[in-house]
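I opened my notebook to look around inside one protein model. Come along and follow my entries with the structure beside you.

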Amino acid sequence: MGKWVYGFGGGASEGTAKMKNLLGGKGANLAEMSNLGLPVPPGFTITTEVCTHYYANGENYPKELKAEVEAALAAIEKTVGAKFCDATNPLLVSVRSGARASMPGMMDTVLNLGLNDETVAGLAKLSGNPRFAYDSYRRFIAMYGDVVLGVEHHTFEDILGEAKDGKGVSLDTELDAEDLKKVVKAFRAKVQEVTGKPFPQDPKEQLWGAIGAVFQSWMNQRAIVYRRLHDIPASWGTAVNVQAMVFGNMGDDCATGVAFTRDPSTGDRRFYGEFLVNAQGEDVVAGIRTPQQLTIAGKQANLSTLPAMEEAMPEVFRQLDTVRGQLEKHYRDMQDIEFTVQRGKLFMLQTRSGKRTAKAALKIAVDMVSEGLIDRKEAVGRINPGSLDQLLHPTLDPKAKKTVLARGLPASPGAASGKVVFSADEAEARAAKGERVLLTRIETSPEDIHGMHAAEGILTTRGGMTSHAAVVARGMGRPCVSGAGELRVDYAKKQLLVRGTTVKEGDILTIDGGTGEVFVGEVPTIQPELSGDFATLMEWADGLRRLKIRTNADTPTDARTARQFGAEGIGLCRTEHMFFESDRIVAVREMIMATTTEGRRAALAKILPMQREDFSEIFRIMRGLPVTVRLLDPPLHEFLPHTEAEIEEVAKASGASAETLRQRAIELKETNPMLGHRGCRLGISYPEIYEMQARAIFEAVAAVSKESGETVLPEVMIPLIATKKELDILKTMIDRVAGQVAKESGTKVPYLTGTMIELPRAALRAQEIAESAEFFSFGTNDLTQTAFGLSRDDSGSFLKTYQDKGIFETDPFVSIDIEGVGELMEIAAERGRKSRPDIKLGICGEHGGDPASIRFCDKIGLDYVSCSPYRVPIARLAAAQAAIAESAKQAA
């Protein structure tokens, strides 16, 4: 029999921070804070293994669980000096979820559990504060009704709103005990109306209902979406934390708040957070009341007129600031903490590693190395490579003309322009059509997560710096302005109003998440400067990694961008992209439509100087770094003229009739072009095409070598090889052209010839192919297609279903399928090295910028990965982390 429940509190606990997988992040940290002697209300954690058992056994609990929960409740009663279900001295508890990975707002919470018509009277008498007791009861009915009984939250908000309107007040705190008794009665009546049953009065029934709701919330839609976006496996499950209540809503000497030990937006070493007097925790993040700042500096920075905690509760603030230092020193990381103040006494409810922007993550990591808290390896290991994406995109041009529409709080940095939409569904629908949208809400909720992910940025009229919108946006890297209270959103009319200006759905606004400003129209942007903490951490990463990082670049602009981001060469230069340029597409079409070798050579002669200049410019930019040029790959019909005007244009250039060209287009059409006449098959059928490209490459090498005096090293890559014979035929031709150019130019032309491994047969016959190939580059886009028999262009309609059903854990076109495609790569690498021990091995598919795929590439000993220019820093960091992990594994 396993242990299902772990207690904590009273200065000790049965768990530790190292038990995160079993206790979840919240439970493990509550246990750790208890062990540190911090003021943590006592409680217990039901483990993640119960969640796993629950779903594996028809939503039934382990038979031992009930007894363990009752024993743990008795321990809380002993520590607190109150009894669960007791009418005169009632113990009330909170029930919260707690997965091993932080999922803010994604799952459900119930506070004040244990209240009923009898215990509320006992609580009122015990506290001497009937208003507090009935305020707690109405909150409990609303939470429990929503989370457990399925009564929609807004119905309770509507009743509460009517009560405030009836009294002519605007704040919940302005309702007295008698008002709240009426609200409680109305809430219970609503529950009876919607569910057909009275609100449960038995606290034990309430407790098991809440525990079940937390486990059920692990599989609710918003949690499923969040897990998919953040690659959190469903198999991890969630823990449930049951904890004695402490109350921030007993009066003006009570409060509740959320804080970060450093600024989560900038990483600055300053205490950052918000609190509310006479409130419960949900009030802070819900945005119903305007929160107050913790510090005087924060109050001044946010132009707030409300007193800071440092002023209003100086002794409690001093205690909290001390705890801040203890936790950061202990965890050696920036912490996100939740606290409650009950009658002047501080209680810690949670600590966890705080979510932060990429900019803040870099600063915190670099600063903590300087402070001696962590070393360089740990600093590099702490940064999520994917989060660097936040730093690599444009920000507002400070010189641009801007018209400020409104101001809110700078909740998540970065700038975004887009068409205003007022619902998450509309944001997702428009984004799917390629539109850039700005999700604009009064406040966001976990149900909006799909729209937040689809949007360029998020704008809310309510909520503070720790609201749902702010926390989730920072985690996603989306710019966000929250709490823009001047704006009035009208969902029914799909418009917002501000100082006489009306903005309708579809109008464009721009937000600056770094300043909190909202602008009319689209504001120009500038590229980021990658220096300071970014440059420091990248330097550390480069010193740790083994893998080289190249880029996929087809244009001089791409090549320059990639060099700026630290690329060490080009791993894929796709020549066909150059063919679509307006100054050469007619000649390309003329070449395709030609029916004789002579006709094709005449057209290719027009393309040669243009292609030569393309390569020359890229070689100049890369300055001696390796450049892998892939010879023409796609089927010829992709370049065919489609309109009558295009056909007439090609007919005029080639001297052929338009009807002849139409017939030629029919001849070239293929049923399954992905597996048709493409890649090396074109070079075999029409060798003059590859001859022209090889000549353009080598003439560019000769020219750039002469003008710069630097060695230029091209790697000529032949695509879609399935047999050694194909490679031998084409390599012989390439060698011949290289010799001719060397003779004509009087310049030595160094080069390598290799192939893409993108067919399963090529992977299996790699030993034989490597006898001729000097390098392999894994084209994992096509290797995935051919290994699975999937079309990347057509599989989107069902891949999500496969992921939801657990057939695919991730999209195999995003992250390498290690079991299948990965095994083919390992086979090819191993067999290739048997023939040629020094064969150069790389990857040039989209997977080259995926951190999980990069770890696999490092593991099987590839020499480099190649990715799009904006993924280069991500790949550099991921490669360093892969090397650190491999080093740690070998040391163990």
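This is a predicted model: local features need pLDDT of at least 70, side-chain atom pairs count only at pLDDT 80 or more; totals for chains, interfaces and linings use all residues.

**Entry 1**

I started with C857, which counts as buried because its relative accessibility is 0%; buried means under 20% relative accessible area, exposed means over 50%, and partly exposed lies in between, with a 1.4 Å probe and protein chains only. Residues are numbered from 1 along each chain as its sequence is written, and side-chain values use heavy atoms, with hydrogens and water left out.

How many disulfides does the structure hold? I found zero, taking a disulfide as a pair of cysteine sulfur atoms within 2.5 Å. C857 is in no disulfide, and the nearest cysteine sulfur, that of C844, is 11 Å away. I also looked up C254, which is buried because its relative accessible area is 0%.

**Entry 1: the nonpolar cores**

Contact here means heavy atoms within 4.5 Å.

Which residues have the most contacts inside the largest nonpolar core? They are L537, F698 and M825, in a core of 128 residues. Such a core is a set of buried Ala, Val, Leu, Ile, Met, Phe, Trp, Tyr and Cys residues joined through side-chain atoms within 4.5 Å. Helix α27 (residues 687–708) gives the most to this core, with ten residues. Helices (H or I, at least four residues) and strands (E, at least two) are DSSP runs, numbered from the N terminus. Apart from this core I found another, of 83 residues, with Y54, L115, Y134 and I141 among them.

Next I turned to the second largest pocket, which holds about 680 Å³ of space. On a 1 Å grid over the protein atoms alone, a pocket is an open set of points with protein on both sides within 12 Å along at least five of seven lines, a cavity is a set of points where a 1.4 Å probe fits but cannot get out, and lining residues have an atom within 4 Å of a point. Grid points are joined across faces, edges and corners, and a volume is the space filled by probe spheres set on the points.

Of the 33 residues that line this pocket, D633, R678, D782, Q785 and R792 are the closest to its centre. I sorted the lining into eleven nonpolar, ten polar and twelve charged residues. Asp, Glu, Lys and Arg count as charged, Ala, Val, Leu, Ile, Met, Phe, Trp, Tyr, Cys and Pro as nonpolar, and the others, Gly among them, as polar.

Which helix gives the most to this lining? It is α31, with four residues. β26 (570–574), α21 (575–579) and α31 (780–788) each supply at least two.

Q785 is found in α31, and Q785 counts as buried because its relative accessibility is 8%. Leaving aside neighbours within four places in sequence, I found Q785 in contact with M674, L790, S791, R792 and F813.

**Entry 2: one cavity**

I then searched the whole structure for cavities of 30 Å³ or more and found one. About 30 Å³ of space lies in the largest cavity. R270, F271, Y272, G273, Q293, T295, G298 and N302 line it, and this lining divides into two nonpolar, five polar and one charged.

**Entry 3: positive phi values**

Most residues other than glycine have a negative phi, and most peptide bonds are trans. L303 lies in the loop between α11 (296–301) and α12 (309–312). Is L303 buried or exposed? L303 counts as exposed because its relative accessibility is 76%.

K494 also has a positive phi, near 55°. Its place is in the loop between β19 (488–490) and β20 (495–498), and K494 is partly exposed, with a relative accessible area of 42%.

Helix α9 (residues 221–229) is followed by D231, whose phi is positive, near 55°. The buried residues of α9 are R222, A223, V225, Y226 and R227, and what covers them includes α8 (203–217) and α17 (449–454).
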